[in-house]
Amino acid sequence: MFIDALKGIMEVSGFTNFTWQHLVMLLISGVLIYLAIAKKFEPLLLLPIAFGMLLANIPMADLMAGPAAEGEPGGLLYYLYQGVKLGIFPSLIFLGVGAMTDFGPLIARPSSLFMGAGAQVGIAVAFLIAVGSGVFNVNEAASIGIIGGADGPTAIYLTTRLAPELLPAIAIAAYSYMALVPVIQPPFMRALTTKREREIVMKQLRPVSKLEKICFAVVVAVLVLLLLPTVAPLVGMLMLGNLFRESGVVERLSDVAQNALINIVTIFLGLTVGATAAAETFLRPQTLLIIAIGLIAFAFGTVGGLLIGKLMSVLSGGKINPLIGSAGVSAVPMAARVSQVEGQKARPGNYLLMHAMGPNVAGVIGSAVAAGIFLAILG
């Protein structure tokens with residue numbers, strides 16, 4: 001009896017169905033967990049993604065399995081994943097980002113939009129490389145290209161609509177590169193700028209009134225959504241969150257959006273995105289190619305923003321530090337912090353953070369617009 005019971009347990013045990021592919025995925029998840037905890041590479045995102053990957057690669061756990069038949073339950077993460085699949089989680093993340101972000105630097109210096117736009121060149125370059133490779137169709141190439149925007153929620157939103165089969169690789173590449181902003185960007189920043197340019201001290205931005213900020217959120221929402229209704233969930237929630245922040249009459253809603261809501265959604269989003277990286281779908285040559293193209297996209301996005309920053313520095317007579325151009329990739333606020341760090345390395349006491357937030361916020365809007373263009377043409 002005992003032997004039969006032991007055999008029965010082993011038949012449904014994960015050990016019986018464990019393969020080398022599962023081992024590889026568990027090792028990858030272990031590396032990501034290490035980077036999140038030991039190196040603090042964007043742990044709020046990387047840790048749940050890594051653990052979701054671990055859970056998805058435990059044989060027989062079936063956490064991502066749908067209902068086997070009508071009336072039967074599916075796996076826990078299968079149901080949570082519907083928030084990703086239906087575009088709910090990315091939109092709620094944008095609500096929280098809007099509530100946490102001060103658009104004042106962008107309003108005070110509207111020219112920051114050019115640096116945010118310049119950083120989107122990474123999206124175009126990655127799209128062309130992916131199409132030219134002959135491996136991916138146009139829809140898949142568009143989803144891969146959006147990695148260059150360094151905007152995880154937008155990458156997920158677009159991919160679930162154009163190329164859902166590529167979601168694991170694209171989401172993990174997008175969030176991994178967002179986490180590695182402090183590692184990837186500085187070499188390009190130092191290579192493309194002179195020490196004298198990096199030492200430029202920028203004047204304090206003009207004060208932006210409450211009325212300006214409220215009008216900005218409403219006007220941008222109306223104009224962008226009239227032009228590109230396809231990104232209404234993202235841009236609409238971004239501007240609603242910012243309206244919560246700036247209106248001054250819904251402090252409780254603003255607090256929930258900035259803290260409790262975005263934290264809960266981040267857990268669910270990261271966990272379920274990581275759980276899509278099952279061994280049988282993730283360990284393919286396509287995945288490595290996507291990760292490589294994503295790195296190229298991110299590099300070109302950084303370079304594009306920096307070059308526009310250098311041009312604006314020249315046109316302004318040396319009043320703009322080109323380092324803030326690298327913040328045009330929409331990794332908020334990590335990219336702006338990197339600009340601040342590099343500026344202080346060149347000139348201790350130089351304060352670039354608020355100046356860099358202008359291009360950074362412009363990059364968020366820019367990547368959402370790029371996604372909307374792809375959806376309008378291909379969706």
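Student: Which residue caps the N-terminal end of α9?

Tutor: Happy to start there, with a predicted model in which local features need pLDDT of at least 70, side-chain atom pairs count only at 80 or more, and totals for chains, interfaces and linings use all residues. Numbering runs from 1 along each chain as its sequence is written, and side-chain values use heavy atoms, leaving out hydrogens and water. Helices are DSSP runs (H or I, at least four residues), numbered from the N terminus. A side-chain oxygen lies 3.1 Å from the backbone nitrogen of Asn-139, and the residue that supplies this oxygen is Asn-137.

Student: How many of the 8 residues of α9 are buried?

Tutor: Buried means under 20% relative accessible area (1.4 Å probe, protein chains only). Among the elements covering the buried residues of α9 are α8, α10 and α18. Helix α9 is largely enclosed by the rest of the structure, because the buried count is 6.

Student: Where is Asn-57 found, and what is its relative accessibility?

Tutor: Asn-57 is in the loop between α3 (43–56) and α4 (76–85). Beyond its neighbours within four places in sequence, Asn-57 is in contact (heavy atoms within 4.5 Å) with residues including His-22, Met-25 and Ala-277. Asn-57 counts as buried because its relative accessibility is 0%.

Student: Which residue lies over the face of Tyr-157?

Tutor: For an Arg, the charge sits over a ring if CZ is within 6 Å of the ring centre and within 35 degrees of the ring normal. Here the distance from the ring centre is 3.9 Å, and the residue is Arg-161.

Note on methods. Helix = DSSP H or I, 4+ residues; strand = E, 2+ residues; numbered from the N terminus. Buried < 20%, exposed > 50% of the residue type's maximum accessible area, 1.4 Å probe, protein only. Polar contact = N/O pair within 3.5 Å; in protein donor to acceptor, adjacent residues only side chain to side chain.
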